[in-house]
Each structure stands twice: as C-alpha cells, then as structure tokens.
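Subject: Structure handover

Hello,

Here is the structure I promised you. Please open it next to this email and follow along.

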Amino acid sequence: MLQIADHLVATCHAISVGNFFVITYTSVMPNPTRIMPPAVLFIAGAMRSGTTLLAQMLGQYPNIFAAGELSNLWSGFETNMHCQCTRVIEKCPFWGPVTHAVLRAAGLRSHREAERLRLASARTRYMPRVIHGSLSSDQRQYELILNILHRTILEQAGATTLVDTSKKAVDLVIAARASSTAAVHLIRSPYGVAASEADTTKHSEVRLAERPPNKKPARSAFGWVAANYLTTFAGRRIDGPVLRMQYETLVHHPARELNRILDLLHSEVFPWQIDGCRFNMPSGHLVNGNPSRYRSGWQRLRRPDLGDSLAPRDIWAIRSVVSFGNYGGYERPRGSR
Ligand SMILES: [Zn+2]
C-alpha cells in the first residue's frame, strides 16, 4: 500500500512476466490511518451573534475556506449582493466560476431555478420533513445542488473544509444531509444582540441592502430564543459533531476557542496571528454577512457589548422573554445581566 497524498493511499496489483513485474491495476482509496475533516463547518445561531467574525478568523487557517452565507448565494444575483472582494457575485473571480460550474453540473438554466429550489427546501416549516428524510423531488434536487456546491467550492479553493455562516437551523440540517458536516452553535448574550439590533446608526456607511436589519429589543429577544432553541434541536439530529461556543469567550480567548474548532475538524493546533487584542483578519471571498467583513488586516477585537446602552425597560423586556422557560437551556455569558 502506497501513500500518494496525505489522505489517499493506493494499492497496486502486479503479475510477474519473466524477470519483470507488470502493474495490472491500481486502486486509490481514502487513507484509513487519517480521519478526514468534515467538508462543511456550519456556524449556527441567532442574528448578530458574531458568525461572520468567526468565519473570517477561521479563514486564516490554510485548509479552511470562509465561504459565508451560502443560503443567500443564489438570491444574491438578484439583489446585487457584494462579495468580500467588493465585487458582485457574477464578477467575483471566485464565485463567478463556481456558480457557473454548479449550475452546469446540476443541469439548471439559471440562478433563479436554484433559488426556487432553495425556497422549496430551506424554510423552518420544512424542518420535520428534512429531518425524517421524507423529501419532495424539489427538496432532493436542492440537496444535490448543495452537495455539488460544497464540492465545487472546496475544489476551487483548494481547501478541505468550507465555513458556511447561514446560521439557520433548517440550513444546518440540509447541509448535514448534503455533505459531512460539523457545526458550531455560537451564542451571544441576548442583551448584546438586542443592543446591536436596536442600533440604527450601526453600519450607516454601507448601502441599505447590506445593512443588517434593526429590531426592537423585545422582538430581538424572541428571535434569539427561537434561533437558539431550533439550533439546539437541529444539532441533536445531525450525524456530525456540534460545538457550543460563546461569542464573549471567543473574543476574550480567540486562540483557545479557534483551536477547539480545529480539534472538531481533526486538525492540529495552529499559530493564529494574534497580537494582544488584535487579530490579523484575512481578506477573501466571504459572501454576504456582517459588513465588518470588508475590514481586513490587523483589527482590534472589540470588547463585547453586554447591552449597556439599553434602557431599563428594554432590559426588563429581554429578561422576561429569555427567562420564560428557555434561558436555563443556555449558559449565561459571564458578566451579562
Ligand atoms: Zn469575491
């Protein structure tokens, strides 16, 4: 048995002809001594939980490709969504060829057809069907498209794992059906999320379509409970491993937390480029997500906001919602109210 790559071995079968050996055939198979990392690392959780930040940080690792919100890829053609490289999807040197190759391989005429199939699959109300595998033909086709998309991205990026920050539980379940998937359930203080979602001045420098939506604190808290509950539910129903991580801990101890993820991916610890509270953010092709992704190079990791800017009545409203039978299911971030 010959090792021909880190993850592949070949078995040669030969016959002797006179004084010579002639190789009759060679079979190539995965290296049984090497556990392959999952193809997809899915980052799930509520809105504004730091999923884009985590994906961008992971992009520093050589074999990881930070893809971004794949659930918004096909609709992004209609909305003129911009890639991290500041180009629209069609003009991006990464996503342009990838999306064309996927449409061709899947036999689809346009991105609209891919988006139609996604809408027929990736909705929370379809989660029970997806979990039990009683899929419609459109849902089966979408699962196949997602598998082709994953494989094409990894091939084009030369990576072993891609990071999908689609966040939603239903997208996690579909991704896990399409390809081998590990997940990180990223949880941020509900007070910090509400403060971020209530801030109408945040990201005022970017165009309206790129800005995350603003919400009133009570509505934000309902969204937080629903997203984290559904993510916990989905995480128990996928085959791959799920790691729970707090956003606040990630910001305070980035190297330790990122190495926990590498362990999940069967990878060795990595000398992350961190200087005190600054992190060297790579530039790449993160598609959609928080506008902070446009900032690359050495960036200061900001102290997590625990909702200090919220009014007392907003804090009361959030506490009422998150403590209603659900808060106990989540670890309370240190220092939160
Ligand atoms: Zn790009």
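Thr86 is found in the loop between strand 5 (64–68) and helix 2. Helices (H or I, at least four residues) and strands (E, at least two) are DSSP runs, numbered from the N terminus. Residues are numbered from 1 along each chain as its sequence is written. The model is predicted, so local features need pLDDT of at least 70 and side-chain atom pairs count only at pLDDT 80 or more, while totals for chains, interfaces and linings use all residues.

Back to Thr86. Its phi is positive, near 75°, and it is not a glycine. Most residues other than glycine have a negative phi. Is Thr86 buried or exposed? Thr86 is exposed, because 10 other C-beta atoms lie within 10 Å. The cut-offs: buried means 20 or more other C-beta atoms within 10 Å of a residue's own, exposed means 12 or fewer, and partly exposed is in between, with C-beta atoms placed from the backbone.

Lys167 also has a positive phi, of about 70°, although it is not a glycine. Lys167 is in strand 6 (residues 161–167). Lys167 counts as buried, because it has 23 C-beta neighbours inside 10 Å.

Now the whole chain. It has eleven helices and eleven strands. Of its 337 residues, 40% are buried. Take contacts between residues at least 6 apart in sequence: 73% of them join residues at least 24 apart. A contact means that two C-beta atoms, placed from the backbone, lie within 7 Å.

Next, helix 2 (residues 95–106). Its twelve residues should span 16 Å at 1.5 Å a residue, and its end C-alpha atoms are 16 Å apart, which agrees. The expected span is 1.5 Å times one less than the number of residues. Which residues of helix 2 are buried? They are Trp95, Val98, Thr99 and Val102. Seen down the helix axis, these buried residues fall within an arc of 95°, so they line one face of helix 2. That arc is taken from the directions from the helix axis to the C-beta atoms. Pro97 and Arg104 are exposed on the other side. The cover over the buried residues includes helix 3 (111–119) and helix 5 (137–157). Gly107 follows helix 2, and its phi is positive, near 70°.

Thr152 sits in helix 5. Beyond four places in sequence, Thr152 is in contact with Val98, Ala101 and Val102. Thr152 and Val98 are 54 residues apart along the chain, yet their C-alpha atoms are separated by 6.3 Å. Thr152 is partly exposed, with 18 other C-beta atoms within 10 Å.

Gly68 is in strand 5. Gly68 is buried, with 31 other C-beta atoms within 10 Å. Not counting residues up to four places away in sequence, Gly68 touches Ala55, Thr165, Leu286, Val287, Asn288 and Gly289. Gly68 and Leu162 are 94 residues apart in sequence and 8.9 Å apart, C-alpha to C-alpha.

Last, a helix pair. Helix 7 (residues 190–198) and helix 8 (residues 217–235) pack at about 130°, with their axes 9 Å apart. Helix 7 and helix 8 are therefore oblique to each other. Angles under 35 degrees count as roughly parallel, over 145 as roughly antiparallel, 65 to 115 as roughly perpendicular and the rest as oblique. Axes are lines fitted to C-alpha atoms, for helices over the stretch in contact, and angles run from 0 to 180 degrees between N-to-C directions. The residues in contact include Val193 of helix 7 and Trp224 of helix 8.

Best wishes
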